[in-house]
Amino acid sequence: MTLPRRAVLAAAGSPVLAGGAGAQPAEGLGARARAQGIAFGTAVDGNRLADPRYAAQVAAEARLLVPEWEGKWSALQPAEGRFEFGPLTTLVEFASRHGQALRGHTLLWHRAMPDWLAARLAEGADRARAVLAAHLDAVLPRMAGAIRDWDVVNEAVANAGGPFTENTPAIGDLRDTPWLRALGPGYVDLAFRLARERDRTLRLTYNEYGVEGDTPFAEEKRRRVLRLLRRLVEARVPVDALGIQAHLMLDEPFRPEPFAAFLQEVRSLGLAILITELDVREAAVVPPDLAARDALVAARVQAVVGTALEVGCRTVLTWGLSDRDSWLAQEPAVMRRDGTIHRGLPLDAEGRRKPMWQALDRAFAARGRG
Ligand code: G3I
């Protein structure tokens, strides 16, 4: 069922800023971004599409979708050899009805691994390679008509610790995961090569978090990601792009310069840049009024997204649209402790556009004039 346009706009909440600060453009961020040559979209959770408000927001604001969980191993291959394409197909059909594109997330990750997979990987390299190849043999051809861009490997680089990111055991620069233990550091190369062998037309992306901030930990993470990308490019591994998750944290300082320098290095390797999971975790202590909170979020978003657009990024996705539906409002590890929810997405809990929406719109427009 295709939602009629007037319902899409109406049910997505009146295009008025939270706090009633005057009427806003009727068209959504995705349409406005496209006018500037930018693909804007959002992660979508198929479980929520039965909610007409949620569906209308996704239809109104996004021109590009990414599955929040439906493209991961735990959803696609919950048991060895048993593939479940239903949830992902729901998103394919929604995107098709609304003229939206869909990107894939993610072909190889250390989370959302079904129990059987970890057991198989522990049986050694030959079994691990066979299991990975069988997954790609099933998934890539099946989704080829709908998904032209995949996060092939997600979060392979270890964090250097510190208060802003989980400390992760490392083997060299890489996170100690079942994939690394089974196949060695070359598992990243293998995943990209197997994907390219199966479809020469896909854009193949390496996706990572924690590279945006102005801290020693983010700087070290940037160094590690660059070392990995340089090694892949020098080995002629078919990686096309870096996905920057951009789960921003207001407790972490930001300066455009180190982030821009990193992005320039990535571009110099011939790689495209995407912002793939944008949202903002507010500081532990927030200002008492919503306007001040929203202004801090909007300023950070404009600074980070503006920097990426200046260096050639042309794809920006948020990890959800409304604060109410965000993982930041549900996941214990990141939820607020003061009884409020993070205001880190373009729409508030009632679906009204916030200053973050305008900040994105301004960043897109500035790029268009650039
Ligand atoms: O409801 C589904 C069920 O029908 C399905 O069979 C099952 C398959 O695993 O998933 C079920 O629900 C949960 C799903 O979220 C939908 O709410 C899963 O149990 C749960 O693990 C999943 O969590 C997601 C998490 O990644 C792990 O996949 C979060 O929604 C999602 O926001 C989070 O997103 C990650 C990115 O992929 C990578 N970057 C960090 C980001 C935040 O952690």
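Residues are numbered from 1 along each chain as its sequence is written. Because the model is predicted, local features need pLDDT of at least 70 and side-chain atom pairs count only at pLDDT 80 or more, while totals for chains, interfaces and linings use all residues; side-chain values use heavy atoms, with hydrogens and water left out.

**Exercise 1. Overall form**

Determine how the radius of gyration of the chain stands against the globule rule.

*Solution.* The radius of gyration is taken over C-alpha atoms, and the rule is 2.2 Å times the number of residues to the power 0.38. For 370 residues, the rule puts a compact globule near 21 Å. The chain has 20 Å, which agrees. Along its principal axes, the C-alpha trace spans about 60 × 50 × 40 Å.

**Exercise 2. Elements and burial**

State how many helices and strands the chain has, and what percentage of its residues is buried.

*Solution.* Helices (H or I, at least four residues) and strands (E, at least two) are DSSP runs, numbered from the N terminus. The chain has 13 helices and 11 strands. Buried means under 20% relative accessible area, exposed over 50%, and partly exposed in between, with a 1.4 Å probe and protein chains only. Buried residues account for 55% of the 370.

**Exercise 3. Salt bridges of Arg103**

Identify the salt-bridge partners listed here for Arg103, and decide whether Arg103 is buried or exposed.

*Solution.* A salt bridge is a side-chain nitrogen of Lys or Arg within 4 Å of a carboxyl oxygen of Asp or Glu. One partner of Arg103 is Asp149, at 2.9 Å from N to O. This pair links distant parts of the chain, with Arg103 in strand E3 (residues 101-108) and Asp149 in strand E4 (residues 147-154), 46 residues apart. Arg103 also forms a salt bridge with Asp151, the closest N and O atoms being 2.8 Å apart. Here too distant parts are linked: Asp151 is in strand E4, 48 residues from Arg103 in strand E3. Arg103 has a relative accessible area of 1% and is therefore buried. Asp149, at 9%, counts as buried, as does Asp151 at 0%.
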